[in-house]
Amino acid sequence: MDFQLVKLDAGQAACTQADALLALAPARFKAAAGDALSELIASAIKGEHFKTEAGATLSMYLPPRIAAPRVLLAGIGDGSAAQVRKAIDALGAELRRLPSKNLLVCVAGEQEPENWVGPATRALAQACYSYQATKSKPQPVKLGKIVLGTAHEAAAKPVFARAKAAAAGVRLAREWANRPANHATPAMLAEAARALAGKKGPLTCQVLGPKEVAKLGMGAFQAVAQGSAQELRLIVLRYEGAPKSQAPVALIGKGITFDAGGISLKPGPEMDEMKFDMSGAASVLGVFHTLGQLRPKINVVGLIAACENLPDGRAVKPGDVVTSMSGQTIEILNTDAEGRLILCDALTYARRFKPRAMVDIATLTGACMIALGGVRSGLFSADDALARALEQAGDAADDPCWRMPLDEDYAQGLKSNFADIANVAGRPAGSVTAAKFLQKFVGDTPWAHLDIAGTAWLGGAAKGATGRPVALLLEYLLGQAGAPASQRKRRA
Ligand code: BES
Ligand code: MN
Ligand code: ZN
C-alpha cells in the first residue's frame, strides 16, 4: 500500500479527482457554507442517515458536486486514536472490496487538528491488508494508493512518516504470523530476517543453527526442538543507529512455528491456531523492518528463538531434566510449557549484549488470554521505570498492555525435587508463574515480559494475526531515541 500526505482541506477534497473519497466526521463537525462535502454530511446527519459517532458509516455513489464517484462517510466521535480506529475498522470489509484503485481521505469541517493522521494511517493499513500467500488464485485488495489530505500538512508530516513505517512493520508481522507452519519454518523465518538486513547499513543479521546452539549450551532450547524434523534457528538481528558505546535495547521473540504441545499433546480443536505461536518472533521482524525505514538514533538487538514443538520418538519427555545455558537445571514436567524453555536460553544469550533493557514478547500462556482477553497484552516487570515506559507506549500507540504482579510467592510452585527449577507450577495464576520462571534467567538486567497470547491473533471468522505488539514496541523504542543520554549508557 502506497500512502501519501498532501496539503488539502475538506473543501478542496470535494473537488479533487480520486476513485473514492473517505470523509471522517468528528462529533464537533459543523458545516462550512459553500463546501459541497460539508453540506452533504450536514444533510445526511439532518436526515438521520448518518451520525458522527465512531462506528457509524454511510456509503454513496455519485453524490452531487463531489469529484470522486464513490464517497464514504465515517463518524470518528471525539477524534481520539481509538475512535478513529473504530471508525475505520467499521469500514474494513467495504474498503477491501472497493473497486477503486486510489482513495482520498480527509476530515470534514474546518481547521481540523492533524492528530487523526497517525491513527488513520495505521488503521487504514490494517484494514486494507488481506492474506494471500497460500491462495491459488490470489485476490489482492484493489486499493493501491491512499492519499491523506490535511490543511496542516507540515505539522502532520513527521507523525505521518512514523505511522506509515510502523504500519509496514505491523503488516510484515501479520504476514509472517499468518503463514502456516509449513510455509513459515524456523529456516524460513531466518531467511525473512536475513532479507531485512542489507549488505551495508545499520541492520545486520546472524543466524545460528543446531550446532552453534549446542555449543552455546542452550539445553532448554534444544530440548524443545529435538522432537521435530525442522532444525531450530537462533536469529540475531542488530540495528545500530547510535554509537557502539550506547547500550542496546534487546527484544526477544518466541518463535514456536508450531506448538502441538509435544508429548504433553494439546487437544485437537483449534490446534491449527498454534501456527501463531511465533507471533512474538514476527513482532520482532516487524519492528526491525520499521527501524530500517526510520533509522532512529538508537541501538536495538533482536533475538528470535525459532523451532517446532512436536511429539516424536526423540521428543523430550515429561520428567526429563535439561541444563539451560545459564547452568540452571530444569525439570520439564509439561512439554507444552515450551515457550519459557526456549526463551530462558534466549534471555541468557541476550545478556551478552549488556542491554540497558530486555523485553521478551511471547504467546506464552492460555492463562493470560483468560485473564486479559484480546484487549490488553500482559506486562510483567520488576523494573518500575521500564514497566511505566511500556505501559505509556502501549496507550499512546493504541496497543495497550496491563501490568501483572511478580511477587516471589508466585514462584513457590516452580520448586522441583529433581532439578533447580520445574517448568510449570499449578493452574492458578498460570501467566504469572510463567513470568516467574523467565525471571530466574534475567539476573540484574532490567527486563520486561509481554504475554501476547490473547492479543496476537483473532479467532473465529476473522481468524488472523493482529500485528500486536509491534506498535507498542516501536512507540517505546522511538521514545528512547529522544531519552536523555544518561539513561542510554552502557551498563558496567
Ligand atoms: N503457546 C501456548 C500458549 C497459548 C495457548 C497461547 C493458547 C494462546 C492460546 C503455550 O506454549 C502453552 O501451551 N502454554 C501452556 C502452559 C501450561 C502447560 C502450563 C498453557 O497455557 O496451557
Ligand atoms: Mn505450548
Ligand atoms: Zn507455545
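Biologist: Let me start with P469, which is found in the loop between β19 (464–465) and α14. How do you know what counts as a helix or a strand?

Modeller: A cis peptide bond joins R468 and P469, with omega about 0°. Quick background: this is a predicted model, where local features need pLDDT of at least 70, side-chain atom pairs count only at pLDDT 80 or more, and totals for chains, interfaces and linings use all residues. Residues are numbered from 1 along each chain as its sequence is written, chains are lettered from A and ligands numbered from 1 in the order written, and side-chain values use heavy atoms, leaving out hydrogens and water.

Biologist: Which atoms coordinate the manganese ion (ligand 2)?

Modeller: D259 (OD), D336 (O), D336 (OD) and E338 (OE), at 2.1 to 2.2 Å. Donors are N, O and S atoms within 2.8 Å of the metal (3.2 Å for Na, K and Ca), and sites may look incomplete because water isn't among the atoms. Along the chain, the spacing is D-x76-D-x1-E.

Biologist: What makes the arrangement around the manganese ion (ligand 2) irregular?

Modeller: Its 6 donor atoms subtend angles of 69 to 167°. Six donors count as octahedral, and four as square planar, if opposite donors are over 155 degrees apart and all others between 65 and 115; four are tetrahedral if all angles lie between 85 and 135 degrees; anything else is irregular.

Biologist: How far apart are the manganese ion (ligand 2) and the zinc ion (ligand 3)?

Modeller: They're 3.2 Å apart, and D259 coordinates both. D259 lies in strand β9 (residues 249–259) and E338 in the loop between β12 (329–331) and α10 (339–350), so the pair ties together parts that are 79 residues apart in sequence. Both D259 and E338 are buried.

Biologist: Why is L472 called buried?

Modeller: Its relative accessibility is 0%, and buried means under 20% relative accessible area, exposed over 50%, partly exposed in between (1.4 Å probe, protein chains only). M278, in the loop between β9 and α9, is buried too, at 1%. R65 comes out at 55%, so R65 is exposed. R65 lies in the loop between β3 (57–61) and β4 (70–75), with phi near 60°, a positive value in a residue other than glycine.

Biologist: What is L472 in contact with, leaving aside neighbours within four places in sequence?

Modeller: L472, in helix α14, is in contact with L390, A393, G394, A397, D399, C401 and L450. Contact means heavy atoms within 4.5 Å.

Biologist: What makes α5 oblique to α14?

Modeller: The axes of α5 (residues 153–178) and α14 (residues 470–481) come within 9 Å and cross at roughly 135°. Axes are lines fitted to C-alpha atoms, for helices over the stretch in contact, with angles from 0 to 180 degrees between N-to-C directions. Under 35 degrees is roughly parallel, over 145 roughly antiparallel, 65 to 115 roughly perpendicular and the rest oblique, so α5 is oblique to α14. Among the residues that meet are R162 and A166 in α5, and V470 and L474 in α14.

Conventions:
Helices (H or I, at least four residues) and strands (E, at least two) are DSSP runs, numbered from the N terminus.
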